[in-house]
Amino acid sequence: MRITLLLLLLTFEAQAQNKPRIEVLPNPQSIEDFDHEFKGCPENSECDQIMGHMLNNWKEMIKRLKALNDSTKVGPALELYRSKYGIPVEIYTTHKAQASFRPAIHSSNCKEHNPKSGEKILRATLFIKSLSTTKALIWRDQSQIELPVIDHLMPQPVTVFYDSGPETYLLPLGDQVLFIKNKELYVLREDNDLYYALAINPKGEWKIASIDMTQLSQWEEYRQEIECPGEKAKPTNVFMYYYCKTVMEADTKKILKVRYSQGCFI
């Protein structure tokens with residue numbers, strides 16, 4: 001198993017080190033070749049060649065893991081990838097991001113984020129290794145970048161109401177907690193029908209974890225929408241709405257309340 005994972009990582013390390021080339025495709029190979037000027041970039045996004053190359057490498061990694069048809073290799077392989085390059089996630093940002101970490105950006109579908117005048121809030125795709133309430137470790141163009149979480153880096157605040165008091169974590173947009181263990185949030189993520197678990201501890205350290213997928217329905221039973229506890233969260237110009245759900249704490253079997261943030265109701 002270790003040899004298989006090492007070969008996968010070496011394959012993508014070699015691809016990542018190759019300088020991406022701009023190629024004119026006289027005969028497009030797939031419908032995706034029409035989506036963007038640069039292969040790998042999301043349709044209708046503001047995205048450069050480097051980001052397109054990184055996203056395409058990730059997509060190829062997912063395809064190879066699906067072809068292996070061995071769920072035991074998914075977690076370890078993606079954790080190797082995350083530790084080296086990060087994983088692609090979405091956050092909110094502004095156009096100021098193009099002067100620093102240059103993510104792939106596109107318009108938010110929230111009308112509140114698109115004022116007739118003034119700065120707009122955008123959705124951004126970037127590769128993140130870890131994300132705390134103060135800083136993010138980002139990978140771009142063969143370099144690791146450490147950025148403070150400030151105005152142009154806007155992940156989703158998620159608050160867990162523990163018996164000892166509330167604790168806030170930062171998650172990618174739209175992500176929800178599947179269960180909690182030892183104060184680590186376990187988030188089920190999906191990419192091209194490949195499922196994997198992202199574990200996030202209170203320090204904002206990330207890892208791709210192997211979990212028992214046969215227990216998904218059991219964990220899902222405990223996730224019920226509820227009225228949010230305590231004082232209402234104050235809306236911001238980015239996250240204007242909040243909702244709460246219950247989640248199981250696997251190590252204590254307690255039911256905890258979690259508050260999520262979102263830009264708008266769609």
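Tutor: Let's begin with aromatic pairs: rings of Phe, Tyr and Trp (its six-membered ring) pair if their centres lie within 6.5 Å, and planes under 30 degrees apart count as stacked, over 60 as edge-to-face and the rest as tilted. Here, ring pairs link W58, Y81, Y85, W139 and Y196 into a cluster. This is a predicted model, where local features need pLDDT of at least 70, side-chain atom pairs count only at pLDDT 80 or more, and totals for chains, interfaces and linings use all residues. Residues are numbered from 1 along each chain as its sequence is written, and side-chain values use heavy atoms, with hydrogens and water left out.

Student: How many aromatic pairs does a search of the whole structure find?

Tutor: The search finds 9 aromatic pairs. One of them is edge-to-face: W58 and Y196, at 6.3 Å centre to centre with 70° between the planes. W58 belongs to helix α2 (residues 49-68) and Y196 to strand β10 (residues 194-200), so this pair links distant parts of the chain, 138 residues apart. Helices (H or I, at least four residues) and strands (E, at least two) are DSSP runs, numbered from the N terminus.

Student: Are W58 and Y196 buried or exposed?

Tutor: Buried means under 20% relative accessible area, exposed over 50%, and partly exposed in between (1.4 Å probe, protein chains only). Both W58 and Y196 are buried.

Student: Why does the pair of Y243 and Y260 count as stacked?

Tutor: Their ring centres are 5.2 Å apart and their planes are at 25°, so the pair is stacked. Y243 lies in strand β13 (residues 241-249) and Y260 in strand β14 (residues 254-262), so the pair ties together parts 17 residues apart in sequence. Y243 and Y260 are both buried.

Student: How do I read a helix such as α3?

Tutor: An α-helix has 3.6 residues a turn, so residues three or four places apart point the same way. For the length, the expected span is 1.5 Å times one less than the number of residues. Helix α3 (residues 71-85) has 15 residues and reaches 21 Å from its first C-alpha to its last, close to the expected 21 Å. Its buried residues include V74, A77, L78, Y81 and Y85. After α3 comes G86, with a positive phi near 80°.

Student: What is A97 in contact with, leaving aside its neighbours within four places in sequence?

Tutor: Contact means heavy atoms within 4.5 Å. With those neighbours left aside, A97 is in contact with R102, P103 and H152. A97 is found in the loop between β1 (87-93) and β2 (104-107), and A97 is buried, with a relative accessible area of 0%.
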